[in-house]
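Work through the exercises below with the sequence and the coordinates open. Each task is followed by its solution.

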Amino acid sequence: MKYLVIIFAIICAASLLTLYFVWPEQQMAPTNVAVTVNGHDLAKATVVAQGAGSAYHSKDYPDLLNSAITRELLIQEAQRQNLDKEESFRVSLKTFYEESLIKTLMDRQYDLPEVVVKDSEIDNFLSLYGKTVTFTRLPITTSPPKIDSSEKGVQNEVLFDDLAEPLKCLISSLKPGESAVKFDTGNEQYAIRLDKVTAAMDTPKSTPDREQVRKILGEHKYQQQITNWLHGLRNKASITIHNG
């Protein structure tokens, strides 16, 4: 039932958005009218606003007026050809509505308070340079994710310097024997268990400075917040995948 309500809401929103673009403007005072095109009045404020929102930012009012007239003629011609009634137009309008809705939501999510990177986290990250880390990749099959430490998993032994940044960030947050869930692109998730850290034989050739590490860890934490939030939405949702 709730899916029908969601679909109905989307259709209503798309219809209202369509009406907004194609419905004639309300009667306005003659002093507010900038131009009348085939009986349709355009307000002076509308002409200026459309000019400000276009890629062509001219402050010359005659230019803005000519642009508004051309735009209105094109809209009227499209309506005359009933393009606004075609299925492709309605689909594109629905797509625009959904993408705008998602963008607004993600923009608000990215406006969350900044993450804090501690000096001790930077120290841990830098201390692993030149060292070999042994870690095990463990599968996760439950939701919400639960790490099964009894699983053997796939073990790797790699120079910390050679790891991808997301793995560096994750491993630097662990002590030997500890595990953490890692989300990859899409919906794949697994656990990383740090088994041991082997002291370096040689001094590492180069290490990033502290501010670079602070930025790397901050971006990682920020992305993890977003990823955890998305997976939280998925875990709380009722999802049925139909074969065929």
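Predicted model: local features only at pLDDT ≥ 70, side-chain atom pairs only at ≥ 80, totals over all residues.

Residues are numbered from 1 along each chain as its sequence is written, and side-chain values use heavy atoms, with hydrogens and water left out.

**Exercise 1.** Locate T134 in the secondary structure and decide whether T134 is buried or exposed.

Solution. 
- Step 1: T134 belongs to strand β3, residues 132-139 (strands are DSSP runs of E, at least two residues; helices are runs of H or I, at least four; both are numbered from the N terminus).
- Step 2: The relative accessible area of T134 is 3%, so T134 is buried (under 20%; exposed is over 50%, partly exposed in between; 1.4 Å probe, protein chains only).
- Step 3: Beyond four places in sequence, T134 has contacts (heavy atoms within 4.5 Å) with Q155, N156, E157, R193, L194, D195 and K196.

**Exercise 2.** Find which residues Y222 touches beyond four places in sequence.

Solution. 
- Step 1: Y222 sits in helix α7, residues 210-236.
- Step 2: Its contacts are Q109, Y110, D111, L112, P113 and V115.
- Step 3: For V115, 107 residues away along the chain, the C-alpha separation from Y222 is 6.4 Å.

**Exercise 3.** Describe the largest nonpolar core.

Solution. 
- Step 1: A nonpolar core is a set of buried Ala, Val, Leu, Ile, Met, Phe, Trp, Tyr and Cys residues joined through side-chain atoms within 4.5 Å.
- Step 2: The largest has 21 residues, and V133 and I171 touch the most other members.
- Step 3: α6 gives the most to this core, four residues.
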